[in-house]
Protein chains: 2
Amino acid sequence: METLTQAEENYLKAIYKLTEPEGGMAAGGKTASTNAIAAAMNTAAASVTDMLKRLASKGLLHYEKHRGVAMTERGHELATNLVRRHRLWESFLVQKLGFSWDAVHDIAEQLEHVQSEELVERLDVFLDRPTYDPHGDPIPDAKGRMASRKQVLLSALAPGEKAVVVGVQESQASFLQYLDRVQLSLGTELQVMERFDYDGSMRVAIIDKEEITVSHKVCENLFVQRTK
Amino acid sequence: METLTQAEENYLKAIYKLTEPEGGMAAGGKTASTNAIAAAMNTAAASVTDMLKRLASKGLLHYEKHRGVAMTERGHELATNLVRRHRLWESFLVQKLGFSWDAVHDIAEQLEHVQSEELVERLDVFLDRPTYDPHGDPIPDAKGRMASRKQVLLSALAPGEKAVVVGVQESQASFLQYLDRVQLSLGTELQVMERFDYDGSMRVAIIDKEEITVSHKVCENLFVQRTK
DNA sequence: AAAGATTTTTAGCCCCACCTAAAAATCTTT
DNA sequence: AAAGATTTTTAGGTGGGGCTAAAAATCTTT
């Protein structure tokens, strides 16, 4: 297993994001243009061309002059693993170190480059093999498989948005009991009515039931999927 | 606060180790030779000279041609912080992820370069502000102060060595109860009689009491200080 | 103190990852 | 299909971090 430089890994991930279909659907072979990559990485197009050649020569990209790039099987594999590392570290930072979900990206960007299979595996176990990161993005498993459901934390919703409850972040008994009590469970449909910035609590309407106010902590532990 | 490259940080730490007196005593201004640094870092002496100039120009080293280097106040500060990061990460890897103490160095070597003051602070809190790492080396606090006591794990002792118990690695009730039971407590003096490689257990003589055999696990959780 | 040995520095190259400017290829438009 | 616009590549440069070989400085010996 050849090991990539940080720059190579960064390019690979950027290309992955550009070529991977948003919705999580199949579709595979999409292509990314030199300019798009340059824009995504904030570098000159000429620098990108250099790197594309290097990554292609390592068998990670299909590259033909003036024709854009697509990922090879191997490239896709490595990129997926990078995404895995990134999302696991983000989960760690939020769940274990108490960072807020919007503060972790840059740090995870650094941590994801640490080279150690065993570290990632142990981190995964330590976090209880999470399937979604704090932003609701699915975390690929060691073989690259990931859930396709696109969920976000309740706290990510803006007033007016409707959603359905699809999961919890931490499944402590006390939290589940609380959800039970306030009539929130998997499949419950709700709409955010108002959000109070001073303490992060929210007022949400549960379809067919009365409105309730939930604390910031609850908002940070409840996964929902937007409905329209 | 200027930020260093990973290579710069590695040199700085290597020089710190060479100039810092082993015993933890004061003494400050020791000097390191180009060759010694090259040996420590496994690089050509010429490369070291280059780097010394660079670090000197950044105000981290006192450097005069053919005269070796010493750390400046600022350099010392940064190096101490690096050591702090390294030891905190080692503690994390052992205590939280369950790595064995001899497997964590290389990974911590990578983690220590992650740039984020807040990350280090939160990690420190998460680990409960430990003062010693899994190898018994003291962890500097955020201001660079650290304990000077040089303790090692019981497992680090060779047969014949004498030592006094100074602490435990993990202070779980069950472990403390066990220590009580076998008459080992802070301040107990002992001598290693024999060590069994096949399971890592040891036979130790407790001064004024009878000999006991302790398991590998115990050896890995008991800090002692060598006496002569 | 002069010769020899050792250490350190200089000189000159290499690769990676970036850059700008100019050339070439492809796409758009008419 | 030719002109113009845009994208992409080539050419040539820079700094970081490494190398070897040779020169210079310092230390050791006699």
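**Figure 1. Surface near DNA strand C in the predicted model.** In this predicted model, the residues of the surface near DNA strand C comprise six nonpolar, ten polar and four charged ones. In total, 20 residues surround DNA strand C. The closest of these are A:Thr5, A:Ala46, B:Ser33, B:Asn35 and B:Ala46.

**Figure 2. Surface near DNA strand D.** DNA strand D is surrounded by 20 residues, and the closest are A:Ser33, A:Asn35, A:Ala46, B:Thr5 and B:Ala46. At least two residues of the surface near DNA strand D come from each of four helices, namely helix 2 (34-41) and helix 3 (45-57) of chain A and helix 1 (6-19) and helix 3 (45-57) of chain B. Helix 3 of chain B provides the largest share, five residues. Sorted by class, the surface near DNA strand D holds six nonpolar, ten polar and four charged residues.

**Figure 3. Contact between chain A and chain B.** Here 14 residues of chain A are in contact with 14 residues of chain B. On the side of chain A that touches chain B, helix 5 (105-111) and helix 6 (117-126) of chain A each supply at least two residues. The largest share of that side, four residues, belongs to helix 6 of chain A. The side of chain A that touches chain B is made up, by class, of eight nonpolar, four polar and two charged residues.

**Figure 4. Packing of helix 4 and helix 6 of chain A.** Helix 4 (residues 73-95) of chain A packs against helix 6 of chain A at an angle of about 45°, and their axes are 10 Å apart. The two helices of chain A, helix 4 and helix 6, are therefore oblique to each other. Their crossing is left-handed.

**Figure 5. Packing of helix 1 and helix 4 of chain B.** How do these helices lie, parallel or perpendicular? The axes of helix 1 of chain B and helix 4 (residues 73-95) of chain B cross at roughly 95° and come within 9 Å. Helix 1 of chain B is therefore roughly perpendicular to helix 4 of chain B. From helix 1 of chain B, the contact involves B:Glu9, B:Leu12, B:Lys13 and B:Tyr16; from helix 4 of chain B, it involves B:Gly75, B:Leu78, B:Ala79, B:Leu82 and B:Val83. The residues of this contact between helix 1 and helix 4 of chain B include six nonpolar, one polar and two charged.

**Figure 6. The six-stranded sheet of chain A.** Chain A contains an open sheet of six strands in the order 3-8-4-5-6-7, with antiparallel pairing. Strand 3 (152-153) and strand 7 (211-214) of chain A are the edge strands, each pairing on one side only. Within the sheet, six bridges link strand 4 (residues 162-168) and strand 8 (residues 222-227) of chain A in the antiparallel sense. A:Ala163 has A:Arg226, in strand 8 of chain A, as its bridge partner.

Figure 7. Strand 4 (residues 162-168) and strand 5 (residues 189-196) of chain B pair in the antiparallel sense over three bridges, with B:Ala163 opposite B:Leu190 in strand 5 of chain B. Strand 5 of chain B also runs antiparallel to strand 6 of chain B, to which six bridges join it; B:Val192 has B:Val204 of strand 6 of chain B as its bridge partner. In the hairpin of strand 5 and strand 6 of chain B there are four residues between the strands, and B:Gly200 takes a positive phi near 75°. Strand 6 (residues 201-206) and strand 7 (residues 211-214) of chain B pair in the antiparallel sense over four bridges, and the bridge partner of B:Met202 in strand 7 of chain B is B:Val214. Strand 6 and strand 7 of chain B likewise form a hairpin with four residues between them, where B:Asp208 in the turn has a positive phi of about 70°.

Note on methods: Residues numbered from 1 in each chain as written. Chains lettered and ligands numbered in written order. Predicted model: local features only at pLDDT ≥ 70, side-chain atom pairs only at ≥ 80, totals over all residues. Near = placed C-beta within 6 Å. Nonpolar A, V, L, I, M, F, W, Y, C, P; charged D, E, K, R; others polar. Contact = placed C-beta atoms within 7 Å. Pairing = 2+ DSSP bridges. Axes fitted to C-alpha atoms, helices over the stretch in contact; angles between N-to-C directions. Parallel < 35°, antiparallel > 145°, perpendicular 65-115°, else oblique. Left-handed = near helix turned anticlockwise from the far one by under 90°.
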